[in-house]
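Subject: Handing over the model

Hi there,

Here is the structure I promised to pass on to you. Have a look at it first, and then read on for what turned up.

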Amino acid sequence: MSRFRLSGLSKANAQAASVNLQTQTLFDAGMSLHQQGRLDEAKKIYQDILQGNPRHFDALHLLGVILHQVKDYKGATDLIAKAIQINP
């Protein structure tokens, strides 16, 4: 038996869980950078997350916050609106 079956997860579910864990780890790093004021680095991480998952609510929201912080109000509004559409 495969280790996936022993753990109760199918191979597809195990891969999805791994991707989710990687995304969460990446997001946590981005949020930490954001809190430290390292906006360019955090922005890059949020953009990387959105490349793999364009509907990632938190990455959309916080990327919108960064755009607001750098006075890109149109971009901020667009991203935060997308986030709200995903999770009203």
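Let me start with a question: where is the place of Lys71? Lys71 sits in the loop between α4 and α5, the latter covering residues 73-86. Please keep in mind that this is a predicted model, and that goes for everything below.

Most residues other than glycine have a negative phi. Lys71, which is not a glycine, has a positive phi, near 70°. Is Lys71 buried or exposed? Its relative accessibility is 60%, and the cut-off for exposed is over 50%, so Lys71 counts as exposed.

Now for the overall picture. The chain has 88 residues, and 26% of them count as buried. Its accessible surface is about 6100 Å², with 54% of that belonging to carbon and sulfur atoms. Among contacts in the chain with a separation of 6 or more, 33% come from residues 24 or more positions apart.

Next, the helix on one side of that loop. Two packed helices are described by the angle between their axes and the distance between the axes. How do α4 and α5 cross, and within what distance do their axes come? The axes come within 8 Å and cross at roughly 160°. Angles over 145 degrees count as roughly antiparallel, and therefore α4 is roughly antiparallel to α5. The crossing of α4 past α5 is left-handed. On the α4 side, the contact includes Phe57, Leu60, His61 and Leu63; on the α5 side, Tyr73, Gly75, Ala76 and Leu79 are among the residues involved. Sorted by type, the residues of this contact are 12 nonpolar, 4 polar and 1 charged.

Helix α4 (residues 57-69) also packs against α3 (residues 39-52), with axes that come within 9 Å and cross at roughly 145°. Here too, α3 passes α4 in a left-handed crossing. From α3, the residues that meet α4 are Leu39, Ala42, Lys43, Tyr46, Gln47, Ile49 and Leu50. Their partners in α4 are Ala59, Leu60, Leu62, Leu63, Ile66, Leu67 and Gln69. This contact divides into 11 nonpolar residues, 2 polar and 1 charged.

One is Leu62, found in helix α4. Leu62 has a relative accessible area of 15%, which is why it counts as buried, the cut-off being under 20%. Which residues does Leu62 touch, leaving aside those up to four places away in sequence? They are Phe27, Met31, His34 and Tyr46.

With a relative accessibility of 12%, His34 counts as buried. Setting aside residues up to four places away in sequence, His34 touches Leu39, Ala42, Tyr46, Leu62, Val65, Ile66 and Gln69.

Note on methods: Residues are numbered from 1 along each chain as its sequence is written. This is a predicted model: local features need pLDDT of at least 70, side-chain atom pairs count only at pLDDT 80 or more; totals for chains, interfaces and linings use all residues. Side-chain values use heavy atoms; hydrogens and water are left out. Axes are lines fitted to C-alpha atoms, for helices over the stretch in contact, and angles run from 0 to 180 degrees between N-to-C directions. Helices (H or I, at least four residues) and strands (E, at least two) are DSSP runs, numbered from the N terminus. A crossing is left-handed if the near helix is turned anticlockwise from the far one by less than a right angle, and right-handed if clockwise. Contact means heavy atoms within 4.5 Å. Ala, Val, Leu, Ile, Met, Phe, Trp, Tyr, Cys and Pro count as nonpolar, Asp, Glu, Lys and Arg as charged, and the others, Gly among them, as polar. Buried means under 20% relative accessible area, exposed over 50%, partly exposed in between (1.4 Å probe, protein chains only). Accessible areas come from the Shrake-Rupley method with a 1.4 Å probe; for residues, only the protein chains shown count as cover. Angles under 35 degrees count as roughly parallel, over 145 as roughly antiparallel, 65 to 115 as roughly perpendicular and the rest as oblique.
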